[in-house]
Amino acid sequence: MFQKYFKRQEADDKTTETNINSTNSYLKFADDPEKAWSVVGSSQVFKEVKVACNEPKQEGHVRVVCISDTHNVPMLGTLENIPQGDILIHAGDFTKRGKIHEVEKFNKFLGSFDHPHKVVIAGNHDIGFHEESAQRLHHLNFVPEAEVKAVLTDCTYLQDSEVEILGLRIYGSPWTPVFYDWAFLKHRGDAINEIWKKIPKDVDILVTHGPPLGRGDVVNFGKTHAGCANLLDIVQNYVKPRYHIFGHIHEGYGCSSDGRTTFINASTCNHLYRPVNQPVVFDIEVNDRTLKNDDSE
């Protein structure tokens, strides 16, 4: 059997539970990811993650295939032989500017895969899915949000909403901290925290477009953290999903675990918008609603 490994720093204590900063003192620096990470980083656990690729699916499990940030670029082989699975998840930025012809192209792209279930969220580039941003940025090419969404027929689209598939609760949200002038942006701190507070507790799979602080969030320019501190807090201290899937920071592709949640940056494109990263595949047990994921043994 073949296993694909994404290696990250292992915790000194080798425990399976996260040593969470219970005071959440880093949140007072939520508007400054680097400063927030300087406070919380030393308390974070990073464990090696084993992700299934070509091995047979485990009995009693659902196979999930994750991609993100495809930006409607030609896949050039990266996704031509996408692994089979029960659920295909796309974590946003499936277009470059979110125009309706791009969404039509993406929907056709989705239709070329025969996964029984497909779950999609938008990202900051998918402007047409956010009425306010589309009116501002698409100008004369503006198409109402409802019409753009109606084109996306070959998947379940989530926008601050939840779906249950094959016994798994999946919640999706497109928002990220403010980054230039795109769609689905909220200021760090209280504003974006109001979005994260909508996420229900104990979902099995959380899908957000952007990463939490410190997990697949380092950008090449300046080698700085760009993840959301409030999202890290909500994920580790309240929602506690078994898997958290995201993209947005292309160069953050890879996986890590804090011993309870497996974090997956599934960005397909690298920072040069070249589709070089393979889909991430994992098997999740259906009937185990404990907060310990399948990779924490």
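Student: Among contacts between residues at least 6 apart in sequence, what percentage join residues at least 24 apart?

Tutor: A contact here means heavy atoms within 4.5 Å. In this protein, 70% of the contacts between residues at least 6 apart join residues at least 24 apart. Keep in mind that this is a predicted model, where local features need pLDDT of at least 70, side-chain atom pairs count only at pLDDT 80 or more, and totals for chains, interfaces and linings use all residues. Residues are numbered from 1 along each chain as its sequence is written, and side-chain values use heavy atoms, with hydrogens and water left out.

Student: How many helices and strands are there?

Tutor: These are DSSP runs numbered from the N terminus: helices are H or I with at least four residues, strands are E with at least two. The protein has six helices and 15 strands.

Student: Which residues touch the most other members of the largest nonpolar core?

Tutor: In soluble globular proteins, nonpolar side chains tend to be buried together. A nonpolar core is a set of buried Ala, Val, Leu, Ile, Met, Phe, Trp, Tyr and Cys residues joined through side-chain atoms within 4.5 Å. Buried means under 20% relative accessible area, exposed over 50%, and partly exposed in between (1.4 Å probe, protein chains only). The largest core has 43 residues, and Val120, Phe129, Leu152 and Trp196 touch the most other members. Apart from that one lies another core of 27 residues, including Val49 and Ile89.

Student: Which residues of strand E4 sit on each side?

Tutor: In a regular strand the side chains alternate between the two faces of the sheet. For E4 (residues 87-90), Ile87 and Ile89 are on one side, Leu88 and His90 on the other, and all are buried. Two strands pair if DSSP finds at least two bridges between them. E4 runs parallel to E3, joined by four bridges, with Val65 opposite Leu88. E4 also pairs with E5 (residues 117-120) in the parallel sense, again over four bridges, and there His90 stands opposite Val120.

Student: Buried or exposed?

Tutor: Arg63 is buried at 8% relative accessible area, and Asp283 is buried at 4%.
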